[in-house]
Amino acid sequence: MAVEFARIDDRLLHGQVCTTWVHKLAIEQCIVVNEKIAGDEFQRSLLDLAAPEGMRVVYFSPERFVKVAAENPIKRRTMLLFNDPQDVLYLVQHGYKLEKLNIGGMKNDGKKRQIATAVSVSGQQAEMLRQIMDAGVEVTLQMVPDSKAVGLGAVL
């Protein structure tokens with residue numbers, strides 16, 4: 001499996017992701033996993049503009065990703081991007097093996113609890129993240145590669 005990095009960041013592809021993680025990990029391809037974005041041509045075109053030149057960006061609903069990944073092993077150095085824990089939980093519950101997950105940004109809408117800088121979760125999201133960890137996925141909070149990773153269990 002060539003998935004080098006999996007990240008929840010509600011901004012998805014943006015400067016911080018493109019200029020730090022992508023270059024640090026020599027990412028060749030980004031797969032955005034989200035039902036709404038996979039079906040929204042306008043959103044996809046905006047995200048394509050944010051991608052570094054030469055990096056392939058593809059979009060899948062969680063259901064389609066699980067099917068495609070089972071039949072076609074990922075060969076390029078790949079980053080999986082999610083904007084919510086719900087899509088990660090779907091993958092894990094449907095047999096996709098994910099060893100590690102990074103959380104970089106989940107904004108506060110005023111109804112969420114802040115657990116770290118730029119990371120806020122609702123009660124439902126916190127429960128989803130617990131289920132992801134219970135499935136054996138190591139979940140850390142880390143904005144950029146040079147900052148210290150903090151285990152989600154310590155702050156949740």
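**Tour: helix 5 against helix 6**

Select Pro85, Gln86, Val88, Leu89 and Gln93 in helix 5, then Gln125, Met128, Leu129, Gln131 and Ile132 in helix 6: these two groups meet, where contact means heavy atoms within 4.5 Å. The residues of this contact divide into six nonpolar, four polar and no charged (Ala, Val, Leu, Ile, Met, Phe, Trp, Tyr, Cys and Pro count as nonpolar, Asp, Glu, Lys and Arg as charged, and the others, Gly among them, as polar).

This is a predicted model, in which local features need pLDDT of at least 70 and side-chain atom pairs count only at pLDDT 80 or more, while totals for chains, interfaces and linings use all residues. Residues are numbered from 1 along each chain as its sequence is written, and side-chain values use heavy atoms, with hydrogens and water left out.

Next, show residues 85-93 (helix 5) and residues 123-134 (helix 6) whole: their axes come within 9 Å and cross at roughly 30 degrees (axes are lines fitted to C-alpha atoms, for helices over the stretch in contact, with angles from 0 to 180 degrees between N-to-C directions). That angle makes helix 5 roughly parallel to helix 6, a label for angles under 35 degrees.

Now show the whole chain. Its secondary structure comes to seven helices and nine strands (DSSP runs numbered from the N terminus: helices are H or I, at least four residues, and strands E, at least two). Along its principal axes, the C-alpha trace spans about 35 × 30 × 30 Å. Finally, colour by burial: buried residues, those under 20% relative accessible area with a 1.4 Å probe and protein chains only, make up 47% of the 156 residues.

Notes: Angles under 35 degrees count as roughly parallel, over 145 as roughly antiparallel, 65 to 115 as roughly perpendicular and the rest as oblique. Buried means under 20% relative accessible area, exposed over 50%, partly exposed in between (1.4 Å probe, protein chains only).
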